[in-house]
Amino acid sequence: MLRTVAAFDRLGEENAFAVLARANALMAQGRNIINLGIGQPDFRTPDFIVEAAVKALRDGHHGYTPAIGIPPLREAVAADLAGRFGVEVSPDTVMIMPGGKPTMYMSILMFGEPGAEILYPDPGFPIYRSMIEYTGAKPVPIPIREENGFAFSADETLSLITPKTRLLILNSPANPTGGVTPRSEVDKLVAGLARWPDVAILSDEIYDHMVYDGAQHVCLLAYHEIRDRVILLNGWSKTYAMTGWRLGYAVWPERLYDYARKLAVNLYSCVNAATQYAGLAALTGPQDAVAEMVAEFDRRRRVVVDGLNQLPGISCTTPKGAFYAFPNIRRTGWKAKALANALLEEAGVAVIGGPDFGILGEGYIRVSYANSTENILRALERMGEFLTSRKAA
Ligand code: PLP
């Protein structure tokens with residue numbers, strides 16, 4: 001019997017990938033499945049970005065790059081943050097990462113150990129808790145409440161901090177709820193954090209372009225008073241429809257940068273060279289495709305929320321960000337995972353049960369509207385028929 005370390009038995013995962021695999025398997029059997037499960041744009045990466053990668057390969061960018069990323073890309077990230085949020089960051093604090101997740105992994109690895117506490121949003125992206133458990137630290141959920149528009153509450157978050165807290169994970173716009181935390185709440189949180197100077201903050205802003213109804217994204221790096229302890233997680237996956245390219249970036253506090261660089265050297269050496277050139281084209285080229293995609297998500301958001309609110313037993317708060325709706329299904333009588341499962345197997349609609357995002361996700365399902373309006377309407381119809389004809393299991 002191989003004797004692996006216990007930490008591996010504590011690793012969790014992301015059920016969205018399992019649902020995707022099941023949906024694909026059903027489709028391979030000839031079933032018609034509408035996938036509102038996976039969190040990735042249904043758009044292609046814009047052509048000029050693809051061409052930049054092809055050119056990079058033709059030009060001979062076939063070797064290792066610096067572990068921290070190619071200089072022009074780190075400079076482009078700094079310019080992008082300055083342009084969009086007025087945030088000045090040195091390119092020397094920017095690190096190019098193979099996707100958004102590795103920043104999460106590294107940050108949690110830097111602060112998690114037995115005896116430490118790490119705060120994370122619940123419901124929230126499942127990898128936060130998985131990685132916290134892996135390190136042996138204590139996961140402390142920050143409740144994300146529907147009555148709060150799925151924004152986190154500064155007071156509640158601050159009340160959960162103890163002398164053992166090492167890291168606070170924030171995510172706005174949020175997966176799975178689509179919640180966007182307003183500036184006033186972030187201001188309050190930052191003011192309260194003055195009492196806790198040893199707590200680092202991981203701000204997952206991967207959906208920062210996707211805000212609606214006049215909501216504004218607040219970049220945590222804009223707060224000078226916590227600047228030396230904020231880790232920014234961001235990337236290209238969602239904004240430029242590049243989930244399969246594996247490209248992200250982190251802005252690290254100076255104190256952590258070298259740890260992250262060493263982890264990169266130990267783990268993956270550098271990010272794929274051609275992908276980095278694609279990322280450079282994305283940031284420095286025309287942004288029309290991003291604006292069009294966000295406008296399209298906004299249209300679908302209205303369709304999905306209106307449609308969900310007409311289904312028996314379902315009520316849906318209007319999400320202000322990302323591309324997810326998180327309808328409340330309590331009045332249907334179904335448990336969330338049983339409903340998600342039955343919708344996939346019997347109605348041919350893939351969604352994710354709220355409990356896959358944390359204990360407080362019971363009573364909700366996540367519906368991704370990164371699918372065509374036509375498919376969304378068909379899926380809503382199927383869900384309506386299912387909920388009318390089928391009794392809760
Ligand atoms: N953070 C959040 C909140 C996400 O929803 C996701 C992807 O779904 C990620 C990070 C990971 O992004 P990537 O695919 O670039 O690793």
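How many nonpolar, polar and charged residues make up the shell around the ligand? Select the ligand in this predicted model together with the residues near it (those with a heavy atom within 4 Å), and the shell divides into five nonpolar, five polar and four charged residues, with Gly counted among the polar ones.

Before going on, note that residues are numbered from 1 along each chain as its sequence is written. Local features need pLDDT of at least 70 and side-chain atom pairs count only at pLDDT 80 or more, while totals for chains, interfaces and linings use all residues, and side-chain values use heavy atoms, without hydrogens and water.

Within the shell of 14 residues, next pick out Asp 204, Tyr 207, Ser 237, Lys 238 and Arg 246, which come nearest to the ligand. Polar contacts (pairs of N or O atoms within 3.5 Å) can then be displayed: a polar side-chain atom of Ser 237 lies 2.6 Å from a ligand oxygen, an N or O atom in the side chain of Lys 238 is 2.6 Å from an oxygen atom of the ligand, and at Gly 100 a backbone N or O atom lies 2.7 Å from a ligand oxygen. The ligand taken alone exposes 400 Å², of which the protein buries 94% (Shrake-Rupley areas with a 1.4 Å probe).

Finally, turn to the aromatic rings, where the whole structure holds 13 pairs (ring centres within 6.5 Å). Select Phe 43 and Phe 297, whose rings lie 5.6 Å apart centre to centre with 75° between the planes, an edge-to-face pair (planes over 60 degrees apart). Because Phe 43 lies in the loop between β1 (34-35) and α2 (47-58) and Phe 297 in helix α10 (residues 288-309), the pair ties together parts 254 residues apart in sequence (helices being DSSP runs of H or I with at least four residues, strands runs of E with at least two).

Note on methods. Polar contact = N/O pair within 3.5 Å; in protein donor to acceptor, adjacent residues only side chain to side chain. Phe/Tyr/Trp six-rings, centres within 6.5 Å; stacked < 30°, edge-to-face > 60°.
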